[in-house]
Amino acid sequence: MRHFLVSLFLVETSLRALATCSIPESEFHLEGDYLMGGFFDIHDVNEPFQLNRPEAIDCSSQPFSLSSYQRFQLMRFTVEQINNSTNLLPNVSLGYEIFDQCSAIHSFPGILNLISVNGVIQPWGEPNKNPPQVNKVIAVVGPYTSTDTLTVAPLLMMDLIPVISYGAASSVLSDKKKFPSVLRTVYPNKKIIDVIFNIIQHFSWRWVAFLYSTDDFGIDGLEMFQNRIEDTEVCLAYIKGLRYDTNYFLTFREIDALRIKVIIIISPKVMAETLIESAIRLNISNKVWIAGDTWSLNKKLSKMEGIRNIGTVLGVSQTVMTIPGFREFVYSTKSQPLCESAEENMFCNQVCNCSSLSAEDVTSVESLFSFSVHSAVYAIAHALHNVLQCGIVKCNRNITAHPHLVLAELKKSNFTLLNQSIQFDENGDPKFGSYAVVFWNQSGDAEEVGFYKFHPAAYFNINSSNIKWFTNGNVPTSLCSPECPVGYKKEQDGIHKCCFKCEICPNGTYVNSTADAYTCTHCKETEWSEDGSTSCSLRVVEYVPFTDSGAIVIMVMAVVLVGLTVGMAFLFAINYNTPVVRSAGGPMCFLIFVCLNLCSLSIFFYFGTPTVASCILRYLPFLLFYTVCLACFVVRSFQIVCIFKIATKIPNLQVWWMKYHGQWLIITGAFVIQGLLLLISYSCGPPRPYNETLWYPNKIILGCDFNLKATLSSVVLLSLLCSLCFVFSYMGKDLPKNYNEAKAITFCLLLLIFTWIVFATVYMLYRGKYIHIFNALAVLSSLYSFLLWYFLPKCYIIIFQPRKNTQQYFQGLIQSYTKTISQ
């Protein structure tokens, strides 16, 4: 919009120029049946230009651009070649009006000349009142720069005059809603940045500077580069917009302070020359310079003295193509006297002042964007050929070739030129050509070392062996921080992700540098890893199978226990009325035998793969029925103490105990309470299979999760019964020597307590698979402690000492103990 307003502001001045300037026969003008416009920056305003009033600039007074003049001559050659063709546009001649577009905001006469009709501009004319008018030109070739194109295009779009730029790379021109009649024969900045990014990726450079011109071309290039490196490992360490008054000393000092080795430069040729010359003058060295396509083939810089000292220069350029016949055309043109001696009669910006140039001067300059100009002219010619419905011999000249018809055919272009298939995509961008990766070698030539093809599919290749680095063979590095060792994650240090500290990933985690180098990823529960790992390994699953030798021994001992209890129960049944059986507990003994057998069932569920059922049965029988066993021994201990000690002092207690069968009330109460506690606790948090992964990083120990909080009340009840039993049995420690039930119970309880203390200690120190064997062994020991140390001595007396199993013997012991107490 700014450019458009400036153009309107300059209309008055430009119309004055139209009225005063005439167009003689010259290099800038050629008569023809159909005219093409052309814009070439033969001269270039390379410094800020100030005017006291709005007026057109005298382009011929500005610095001359030889490469632009070469492109200007190439358009003339191409039109002549088409006019001499018998296949393309037969019996139709092409003409041109070419203008020197030396400034984007001070060079409007040429633009207004092209959109005028009979020297008049009527953008608001009423078509119904005036007869239809034919535009002066059918299409325009150029301008070269993005800023010039963005200035020219809005004026030409009013009549949908096709504009084919041969050098404008700004990505905004691809937006057909804003620029419906703009096409181009060069790739947009996005493609150039893709090539540069692939070069950076290929050499693993992560820390780069980006210097750009503060025009539409450079700003767009910066935006494209920032978008391209987003979510990649490349960091833009330094950004600088270049102007003609830029302090390069300060710029390079800031780059050196950041330890940047790779510098990308996206700017016009003249500005790049100033920058590189400053680098040579300031003795900047040990850098990699990546040149955009505007200056990558610059012969002046590549052969400049001291260019080898600044480092290594790589560049991106369009593939240079030799245009057959162009050299001969230039020599033939320069051999003729030019008409530019009559400059006073020339149109304002159709003056070259280049009569002194030789053909050698024109052909020796780098052929940058030559094929772009050549293909742009041919595309217009082919579009006109289709609009006029040309055949082999002639074209239909009765058809009015309106610019919008030419535009429609341009978008459908599909022809072959110098073995290139010329086509445009839906954005008006080319679907032909490729980029070359060049290296400025020791001879000062831009040697091609790689290429990037876009169509039909993207393909990048670079031959690094042909590049001679300033590091004497090794590829330079450009990193904020050195890469982390294997197994270390990156911890960002500052605002740039390329600046980081390295931290080792602990065991149980790993780092995948290709996916996310900044995170230590946790292994799955079934996997493990050591410190500094890059992957996880499967854990070894361990449990105690039924075939394990330790499991077999324990299960055999459990079976033996069952056999012993059955045998003892049979022996006690035969001798049921004897004093030994009655003193051991009488009918209570059979209840204890049954509970011991039921407790032994738990042992068989400590082995094999844990399941929900096995985990429940591992604890439930033991906790429930061992409670009954302890309750029986509590009652038995109390009875012994009551008979010998309490009965004499509190006779009513013994009467109450005998009358209401206190022993059975206590046993039943303990059983019921424990059953209710287990029912509640198992409803809240039942034991379930559990994978132990904390103790051993490379193993999974299959076990059962015993919820101590849920079953705490059951364990407390067992502990309470054990404590009461111990208290009562300890009170009977001074009973008759041979009447030692209390002493036997005390010893059994001490053995029980010792067993579980040992198991608790082992459990705190060891959690391997054999902890289940230790647990089963503790349960088995708890059962054997009563069986062997309480009941086995009774069996021994019954079998081997029957004389002690008589009423008289027991009465004698009691009388002897009574006399001792009375004394």
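## Helix α20 and the cysteines

The buried residues of α20 (buried: under 20% relative accessible area with a 1.4 Å probe, protein chains only) are G662, Q663, I667, A670, Q674, L678, S681 and Y682. Helices are DSSP runs of H or I with at least four residues, strands are runs of E with at least two, and both are numbered from the N terminus. This is a predicted model, in which local features need pLDDT of at least 70, side-chain atom pairs count only at pLDDT 80 or more, and totals for chains, interfaces and linings use all residues. Residues are numbered from 1 along each chain as its sequence is written, and side-chain values use heavy atoms, without hydrogens and water.

The structure holds seven disulfides, a disulfide being a pair of cysteine sulfur atoms within 2.5 Å. Three of them are tabulated here, including C390 to C395.

| Pair | S to S | Torsion about S-S | Hand |
|---|---|---|---|
| C390, C395 | 1.8 Å | 110° | right-handed |
| C480, C499 | 1.9 Å | about 105° | right-handed |
| C505, C520 | 2.0 Å | -85° | left-handed |

C505 lies in the loop between β18 and β19 (509–512) and C520 in strand β20 (residues 516–522), 15 residues apart. C505 is buried at 0% relative accessible area, and C520 is buried at 15%.

C632 is also buried, at 1%. Its closest cysteine sulfur, in C595, is 6.2 Å away, too far for a bond.

Key
Buried means under 20% relative accessible area, exposed over 50%, partly exposed in between (1.4 Å probe, protein chains only).
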